[in-house]
Amino acid sequence: MSIQNYVYGVQGAFLIRIIAWFYKNLSKEGRILRSPTWGRLSLDESIAKIMKFVSADNHSQYRFIIGTDSQVYKKQRVVFVSTIIVHRIGFGAICFYEKKVKIKKYSLRERMFTEVFLSLDLATRFLNAIKEHHCALYKAMDDLEIHVDVGEHGATRDLINAVTGMVKGCGFLCCTKPDACGASSVADRFAKISGPLTA
């Protein structure tokens with residue numbers, strides 16, 4: 001089921017307009033990933049690092065996580081950061097992130113849905129690249145987690161059903177706060193560190 005068809009059933013024309021705006025303004029940006037360890041990388045270079053990390057310990061269990069968070073600054077400047085996290089359970093993790101800076105006044109609702117769209121976009125590109133070049137790693141992607149920065153408490157509680165339904169409808173596992181560390185902790189950290197001035 002496509003994102004557009006699923007969202008139409010859940011939220012109607014309002015979200016269709018957001019999706020159209022998303023594909024027009026966001027989907028072609030942020031192709032360069034950044035790593036705290038290796039610096040600026042392409043998606044293929046990031047996947048090569050992931051392959052090396054996973055193959056170094058074939059006996060461990062891994063979690064593959066994608067999440068997005070955003071930070072609002074003055075003059076309607078919003079920083080969106082999407083992360084790819086590979087967690088070797090009990091033995092650390094590596095992560096990569098891409099950043100987008102937008103000058104636009106967002107409602108909370110629009111910003112939360114934009115975060116989800118960015119995570120789904122990154123997840124789709126990530127899986128397509130792995131499927132094309134790294135079949136062994138692709139088999140481990142059945143449990144790819146999308147972490148969303150919404151929870152049962154606070155201003156985002158009314159968005160949980162729509163957001164989780166979108167993610168699950170696209171075939172991914174969905175984690176919300178307090179279990180959404182990929183968004184609410186890792187992506188949040190890089191959004192704040194990155195600052196508002198550069199993309």
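**Questions on a predicted model**

The charged end of Lys 104 sits over the ring of Tyr 106, 4.7 Å from its centre.

Biologist: Which elements make up the chain, in order from the N terminus?

Modeller: The model is a predicted one. Its chain holds seven helices and seven strands. Read from the N terminus on, the order of the elements is α-α-β-β-α-β-β-β-α-α-β-α-β-α.

Biologist: What share of the contacts with a separation of 6 or more links residues 24 or more positions apart?

Modeller: The chain has 199 residues, and buried residues make up 50% of them. Among the contacts with a separation of 6 or more, the share that falls to residues 24 or more positions apart is 70%.

Biologist: Is helix H4 largely enclosed or largely open, and how many of its residues are buried?

Modeller: Helix H4 covers residues 108-133 and reaches 38 Å from its first C-alpha to its last, close to the 38 Å expected at 1.5 Å a residue. The helix is largely enclosed by the rest of the structure, because the buried count among its 26 residues is 19.

Biologist: Which residues form a cluster through ring pairs?

Modeller: The structure holds six aromatic pairs. One of them joins Phe 53 and Tyr 62, edge-to-face, with 6.1 Å from centre to centre and 75° between the planes. The cluster linked by ring pairs consists of Phe 53, Tyr 62 and Phe 64.

Biologist: Are Phe 53 and Tyr 62 buried or exposed?

Modeller: The cut-off for a buried residue is under 20% relative accessible area. Phe 53 has 14% relative accessibility and therefore counts as buried. Tyr 62, at 18%, likewise counts as buried.

Biologist: Which residue lies over the face of Phe 53?

Modeller: Phe 53 takes part in the edge-to-face pair with Tyr 62. The face of the Phe 53 ring also has a charged residue over it, at 4.0 Å from the ring centre, and that residue is Arg 88.

Biologist: In which sense do strands E6 and E7 pair, and what is the handedness of the unit they make with helix H6?

Modeller: Strand E6 (residues 145-151) and strand E7 (residues 173-177) pair in the parallel sense over four bridges. Within this pairing, Gly 151 stands opposite Lys 177. Together with helix H6 (residues 160-169), the two strands make a β-α-β unit that is right-handed.

Biologist: Which residues of H6 are buried?

Modeller: Helix H6 is mostly covered, with seven of its ten residues buried. The buried residues are Ile 160, Ala 162, Val 163, Thr 164, Gly 165, Met 166 and Val 167.

Biologist: Which residue follows H6 with a positive phi?

Modeller: Helix H6 belongs to the right-handed β-α-β unit, together with E6 and E7. After the helix comes a residue whose phi is near 95°, namely Gly 171.

Biologist: What separates the C-alpha atoms of Ala 155 and Leu 108?

Modeller: Ala 155 lies in the loop between E6 and H6. At 63% relative accessibility, Ala 155 counts as exposed. Ala 155 and Leu 108 are 47 residues apart along the chain, and their C-alpha atoms are separated by 8.4 Å.

Biologist: Which residues does a cis peptide bond join?

Modeller: Lys 177 of E7 stands opposite Gly 151. Pro 178 has its place in the loop between E7 and helix H7 (181-194). With omega at about 10°, the cis peptide bond joins Lys 177 and Pro 178.

Key
Residues numbered from 1 in each chain as written. Predicted model: local features only at pLDDT ≥ 70, side-chain atom pairs only at ≥ 80, totals over all residues. Heavy atoms only, no water. Expected span 1.5 Å × (residues − 1). Buried < 20%, exposed > 50% of the residue type's maximum accessible area, 1.4 Å probe, protein only. Pairing = 2+ DSSP bridges. Right-handed = clockwise from strand over helix to strand, strands pointing away. Phe/Tyr/Trp six-rings, centres within 6.5 Å; stacked < 30°, edge-to-face > 60°. Lys NZ or Arg CZ within 6 Å of the ring centre and 35° of its normal. Contact = heavy atoms within 4.5 Å.
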